[in-house]
Amino acid sequence: KKIRMGKIYTALGLMSGTSMDGVDASIIKSDGADKFFSFFNEYSKFDKDLHEKLINLRDKISTKADLKKYSAELKVLDRELTIFHIKIINKISEKYERSTGENVDLIGFHGQTIFHDSKNKITKQLGDGKLLSQLTKKQVVYDFRQNDLKNGGQGAPLTPIFHNNIANKINKKFNIGFPINFLNIGGIANVTSIIEKKNLWDTGKIYAYDISPGNCLIDEWIRNNSKKKYDNEGSIARSGKRDELIFNQALENFIIDPHYEKSLDTKDFDIFFAKGLSLENGATTITDYTAKLISDGMNYVHCNDKTSMHRWLVCGGGRKNKYLLESIKKSQNNFTDLKLDLIEKYEIDGDFIESQAFAYLAIRSYEGMPISFPTTTRCKKPSTGGIIVKNF
């Protein structure tokens, strides 16, 4: 499809992450390149029943065979999740269209990842794009990861091209200079490093890697050992004491690709090593373990880029865990010039970067522009993204 230089689209992006607690929704305007304006962000929490169904089904699926075994459950939940998204879209788009007199052109629908296995080129996101299009009467872009997998990629991370846009925007306003590194702490932690700015259609030097667990182990520990869903600001971890023996053994037993070539899934990690610890000591040990693995991934980026300044912008839910961020800084004692800033410092809302990203990726997909690159997902060549459907 021929790229129409400068055409501005209004897109609504939706993202439900590995915490499976709800849906982030954002409306943006963009040309899919350097022009980007954020207009609306809203979070919608899953009801308790849907949240539990999603968690339980994900926990059952560990192999390709499980996808077939639980296909009936997947089908039912696929529809339920889609209907939940439809209600959000209808409410938000109607509010936006009534207040502005403009239409939402595209929906970027990520869906809910239920299984991701990059080694065997399998990724499964719940969500029916055709039904979504039919009932919202909007063009929908969905199933963003498949094309990357077909082209030899890992299917993740997909946000780096959007991080590139934000980096250029931040640099223009605050003149902080490049390189600019993003640390996104979701269920999995991933990093994006933008080495330099280039012209409008050149993505510049963008490198990205999944590096470690983010919130997934901490959240699982808290869910399994208390009535809470997560460790608010890391207060439970702060009240405990790290078990040095278990901490060091866990690090010794963990093996990761030294070049961070593989995308990661929450099922690549487990909390078994902390079994027998108290709630507080387990939270401390697991959080410090997570912080050390995140720090190691950051160090890999530092080795790639031997500049004197290492500036990191932190986004994702994990940025709210103050103890985790402090533990990352302590693990980074080799870099006294390290700057670890919450992305809010640069007037960006860190809660909605991924929902904005999937609105942006929907526009790029619609215009036939690549959303993944050899340096971000290890695909063989720059790859276009999601399936486009108009079902009304």
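## Cysteines and disulfides

A disulfide is counted here when a pair of cysteine sulfur atoms lies within 2.5 Å. This is a predicted model, in which local features need pLDDT of at least 70 and side-chain atom pairs count only at pLDDT 80 or more, while totals for chains, interfaces and linings use all residues. Residues are numbered from 1 along each chain as its sequence is written, and side-chain values use heavy atoms, with hydrogens and water left out.

A search of the whole structure finds zero disulfides. For C216, the closest cysteine sulfur belongs to C315 and is 17 Å away, which is too far for a bond. C216 counts as buried, at 12% relative accessibility, and C315 is buried as well, with a relative accessible area of 0%; buried means under 20% relative accessible area, exposed means over 50%, and partly exposed lies in between (1.4 Å probe, protein chains only).

## A positive patch

On the surface, K119, K121, K262 and K380 gather in a patch of positive charge.

K121 counts as partly exposed, at 35% relative accessibility.

## The loop at G17

G17 is found in the loop between β1 (9-16) and β2 (22-30), and is partly exposed, with a relative accessible area of 25%. Although G17 and G316 are 299 residues apart along the chain, their C-alpha atoms are separated by 9.8 Å.

Definitions and conventions. Patches are made of residues with over 30% relative accessible area and no salt bridge: like charges are joined within 9 Å, nonpolar side chains (Val, Leu, Ile, Met, Phe, Trp, Tyr) within 5 Å. Accessible areas come from the Shrake-Rupley method with a 1.4 Å probe; for residues, only the protein chains shown count as cover. A salt bridge is a side-chain nitrogen of Lys or Arg within 4 Å of a carboxyl oxygen of Asp or Glu. Lys and Arg count as positive and Asp and Glu as negative; His and the chain ends are not counted. The place of a charge is taken as NZ of Lys, CZ of Arg, CG of Asp or CD of Glu. Helices (H or I, at least four residues) and strands (E, at least two) are DSSP runs, numbered from the N terminus.
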